[in-house]
Amino acid sequence: MVAATVGLRGLSLCTLSLPILRSAKIKLPIHSFPTSQSLKPLFSPYNPTILRGFPSFCASPDVNVEATATAPPATEAENSQSADDIKNATNLLDIRVGRIIKAWRHEEAYSLYVEEVDVGEPEPRIICSGLVKYMPLDLLQDAKVVVLANLKPRNMRGVKSCGMLMAASDASHETVELLMPPDGTIPGERIWFGTEDDKDSQPEPATPNQVQKKKIWESVQPHLKTDASCTAMLGEYLMRTSAGVVVCKSLKNANIS
């Protein structure tokens, strides 16, 4: 009996005997005593018979073992393209400076505030926010905020909410702070990510139906965070207005939603 050990990307065949090799229909070279040179081609990690004959227990059942065994690593260009895709998707969001004209408690939902928000349109928008647990009502009155404006309206316990106030939160979601545009910004100004020069290259925002259908917000949101100075970021891109960058009050390296 011949014993050997084969390692193959998560597959370990220990003490592989001749009967097992015969059942796998692997033909050994004829030698009275197999040598390391005669066994070397057999136990190559790229032997197609082994790849086909034995599944990897480190992969899901529908993974193609032969393909994954020889797949090249992701290139820098591919990683860069992925970052570009995220940036391009973010450019389709209609993120605006807003000003809360007035706010009140939702009559049917104890965790919600209802805000009337000026976003530069002929009529203010009504937006519902689950902020009751995190901040007193008086902090919302006349506050400058950041509004995601091209979400589909949602009925929230009888109130139609047309947008979302963007905020930073810590990992435990016990502390939440609204994002704050800098002084000097005007309600309705569109916010962007990148350099000052990127402002004029923004495409038209997607429609609410497109945002929902393509899951644009869901693809972008995991990449939004504050940095060590509480500045809102998309990866390495600053969140900007014409008057400066967007920040939160005190949460560093926090998630934004």
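The legends below describe close-up views of a predicted model. Residues are numbered from 1 along each chain as its sequence is written, and side-chain values rest on heavy atoms, with hydrogens and water left out. Because the model is predicted, local features need pLDDT of at least 70 and side-chain atom pairs count only at pLDDT 80 or more, whereas totals for chains, interfaces and linings use all residues.

View 1. The largest pocket holds about 580 Å³ of space, where a pocket is an open set of points on a 1 Å grid over the protein atoms alone, with protein on both sides within 12 Å along at least five of seven lines, and lining residues have an atom within 4 Å of a point. A volume is the space filled by probe spheres set on the points, which are joined across faces, edges and corners. The lining has 27 residues, and Leu151, Arg154, Gly163, Met164 and Leu165 are the closest to the pocket centre. Among the elements that give two or more residues to this lining are strand S9 (164-165), strand S10 (167-169), helix H6 (208-213) and helix H7 (216-220); helices (H or I, at least four residues) and strands (E, at least two) are DSSP runs numbered from the N terminus. By class, the lining has 15 nonpolar, 9 polar and 3 charged residues, with Ala, Val, Leu, Ile, Met, Phe, Trp, Tyr, Cys and Pro counted as nonpolar, Asp, Glu, Lys and Arg as charged, and the others, Gly among them, as polar.

**View 2. The second largest pocket.** This pocket has a volume of about 290 Å³, and the residues that line it include Tyr134, Met135, Lys144, Val176, Glu177, Leu178 and Lys249. The largest share of the lining, 3 residues, comes from S11, and the classes are 8 nonpolar, no polar and 3 charged residues.

**View 3. The largest cavity.** The structure holds 1 cavity of 30 Å³ or more, a cavity being a set of grid points where a 1.4 Å probe fits but cannot get out. The volume of the largest cavity is about 40 Å³, and Thr90, Asn91, Leu93, Ile95, Ile191, Trp192, Phe193 and Gln202 line it. These lining residues divide into 5 nonpolar, 3 polar and no charged.

View 4. A search of the whole structure finds 0 disulfides, a disulfide being a pair of cysteine sulfur atoms within 2.5 Å. For Cys162 the nearest cysteine sulfur, that of Cys128, is 9.0 Å away, while for Cys248 the nearest, that of Cys230, is 4.6 Å away. Cys162 is partly exposed, with a relative accessible area of 21%, whereas Cys248 counts as buried at 3%; buried means under 20%, exposed over 50% and partly exposed in between, with a 1.4 Å probe and protein chains only.

**View 5. Two loop residues with positive phi.** Most residues other than glycine have a negative phi. Asp142, in the loop between strand S5 (125-129) and strand S6 (144-148), has a positive phi near 65 degrees. Arg157, in the loop between strand S7 (154-156) and strand S8 (159-161), has a positive phi of about 55 degrees and is exposed, with a relative accessible area of 54%.

**View 6. A lysine over a tyrosine ring.** Lys87 lies over the face of Tyr237, at 5.1 Å from the ring centre; a charge sits over a ring if NZ of Lys or CZ of Arg is within 6 Å of the ring centre and within 35 degrees of the ring normal.
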